[in-house]
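Subject: Structure handover

Hello,

I am passing on the structure we spoke about.

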Amino acid sequence: MSDDAVLPGAIGEPWLPGVIKMPDDEYRAGRLRKFTRPPKGIVLHSGSKHDNVAEYAESEPDGRAISYHFAWSRTHDTLVQMVPLTHRAWHCGSAWNHWIGIALSGPYEQDPRTEYELTELQRVVGLLVTTQPQIKWWTRHSILAPDRRKDPGPGFPDGCMEGFGLELWTPPV
């Protein structure tokens, strides 16, 4: 099975149509692990202060690589796909690595988001739920790690995620 082959049981293709893809050498395909089950949700993050989207490619000593499936690129002024949808990105630790990670422009204090950035986020989420209908939830990184994380920011408008049929995931009470 090639690195770009669709995961058995997954729905959709590894690369989202209509989204800029990072070149293979930049996403380091050989260092990414394949999903063992299809992704079931989307986690929103705030990214880095760097202008170059390649700065999101943070290598880890144990072989994990890219932090997010999609990251905001100031160079391209859009979200860029960095990891195939058949592979895991290391964005929330092992418990959440079967979720798609999207990093908006950073830092999280950069609120409010521009209308253009939110429109691009909605475009990518719309493509994701169309090509990956098994995705049922979305959440904020701050919900997963409330003591450590604040992203995508207190001013992030949750309403921009409405209309996709996704539920906001929160921890069980």
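The notes below go from the overall fold to the sheet and then to the cores.

Please keep in mind that this is a predicted model. The protein chain has 173 residues, and 50% of them count as buried. Its accessible surface is about 8200 Å², with 52% of that belonging to carbon and sulfur atoms. Among contacts with a separation of 6 or more, 75% are between residues 24 or more positions apart.

The protein chain holds three helices and seven strands. Read from the N terminus, the elements follow the order β-α-β-β-β-β-α-β-α-β.

The seven strands form an open sheet with mixed pairing, in the order β1-β4-β3-β5-β2-β6-β7. Its edge strands, β1 and β7 (167–168), each pair on one side only.

Starting from the β1 side, strand β1 (residues 20–21) runs parallel to strand β4 (residues 78–81), and two bridges join them. Here I20 has V80 of β4 as its bridge partner. On to the next pair: β4 and strand β3 (residues 70–73) are antiparallel, with four bridges between them.

Helix α2 (residues 115–131) lies across β2 (41–46), β3, β4 and β5, and it runs at about 165° to β5.

Now the interior. In soluble globular proteins, nonpolar side chains tend to be buried together. In this model, the largest nonpolar core has 24 residues, and I42, F70, I102 and L121 have the most contacts inside it. At least two residues of this core come from each of β2, β3, β5 and α2. The helix α2 gives the most, with six residues. Leaving aside residues up to four places away in sequence, I102 touches I42, V43, L44, H45, F70, L79, L121, V124, V125 and L128.

There is also a second, separate core of nine residues, including Y68, A71, V80 and A89.

Regards

Definitions and conventions. Residues numbered from 1 in each chain as written. Predicted model: local features only at pLDDT ≥ 70, side-chain atom pairs only at ≥ 80, totals over all residues. Heavy atoms only, no water. Pairing = 2+ DSSP bridges. Buried < 20%, exposed > 50% of the residue type's maximum accessible area, 1.4 Å probe, protein only. Contact = heavy atoms within 4.5 Å. Areas by Shrake-Rupley, 256 points an atom, 1.4 Å probe, with all protein chains shown as cover. Axes fitted to C-alpha atoms, helices over the stretch in contact; angles between N-to-C directions. Core = buried A, V, L, I, M, F, W, Y, C linked by side-chain atoms within 4.5 Å.
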